[in-house]
Amino acid sequence: MKKIKRHSLIERIEHWSIAVSGIILLFTGLGCLPLYKRYYITEIPGFGWTADFYTVTLVHYVASIIFVSAVIFHIFYHGLRKEFGLLPRRGDIKNSFKVILAMIGIGKEPPSDKYLPEQRIAYVGIGLVVLTLTVTGIIKVLKNLEWIILSPQAESINTIIHTLTGFLFIFVLIFHVGVVLLFKSNWPLLKSMFTGYVDEEYAKHRHSLWYRKYKN
Ligand code: HEM
């Protein structure tokens, strides 16, 4: 079967470095609260290190360097190349409902560009959570280095925002992965996040607007 290119190697590295470091950040972030001793996670073989606050924080810092670098790269790389296919468009909310209904067998899916309307809406949600986490996380680091001095009140507001958006991040991640895994029609997209390619037939039917542009 003929394949067409959907994601470059750079885009795949970008996505998976954000995904893997994001999951590590969530895990170690919860560990910083600290939660793992209370719930006996530290007793699980291989998870003993989660009992040590210093080690958990160190892993959180290392993962945050990868995460923040990839986020900054994403903004500049796609911004400079003027690739704005993931930004929402007029009619996306209405069309998202149509796509979701079509996924459960009701009605016909509207023709889609490279990304589905709900992917563009999800992108804004994921993006806002990621940016808030990044900015509040950077403020936490600068405050620890004593490069900026915050009043105790400002410091606790920053910490509360960081922690709450951390929890929101869990929800957007579960939602994002759930939508990919639960709907069979999304499985070829998961494959393309590893290989870079989708079947030509899939693109022709599901992303007809993108397919037409791709062929011209
Ligand atoms: C911290 C974790 C993650 C973040 C921040 C993230 C972010 C994103 C973003 C912004 C997109 C662009 C389109 C969209 O909004 O749907 C995307 C696409 C995608 N992601 Fe993730 N992702 C994460 C984890 C994962 C994981 C664990 C999987 C594995 C199931 C996954 C699978 C995919 C797939 C299949 C696409 C669609 C690609 C396409 O349209 O061709 N992501 N991700």
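**Exercise 1.** How close do the axes of α3 and α4 come, and at what angle do they cross?

*Solution.* Before starting, note that this is a predicted model, where local features need pLDDT of at least 70, side-chain atom pairs count only at pLDDT 80 or more, and totals for chains, interfaces and linings use all residues. Residues are numbered from 1 along each chain as its sequence is written.

Step 1: find the helices, which are DSSP runs (H or I, at least four residues) numbered from the N terminus. Helix α3 covers residues 92–103, and helix α4 covers residues 117–144.

Step 2: take the axes, lines fitted to C-alpha atoms over the stretch in contact, with angles from 0 to 180 degrees between N-to-C directions. The axes of α3 and α4 come within 7 Å and cross at roughly 120 degrees.

**Exercise 2.** Which residues make the contact between α3 and α4?

*Solution.* Step 1: look for pairs whose C-beta atoms, placed from the backbone, lie within 7 Å.

Step 1: read them off. α3 gives Asp92, Ile93, Asn95, Ser96, Val99 and Ile100, while α4 gives Pro117, Glu118, Arg120 and Ile121.

**Exercise 3.** Which residues are closest to the ligand?

*Solution.* The ligand is surrounded by 21 residues.

Step 1: pick the closest, namely Ala19, Gly22, Gln119, Tyr123 and Leu189.

Step 2: trace the shell to its elements; α1 (9–32), α4, α5 and α6 (187–195) each give two or more residues.

Notes:
Expected span 1.5 Å × (residues − 1). Near = placed C-beta within 6 Å. Contact = placed C-beta atoms within 7 Å.
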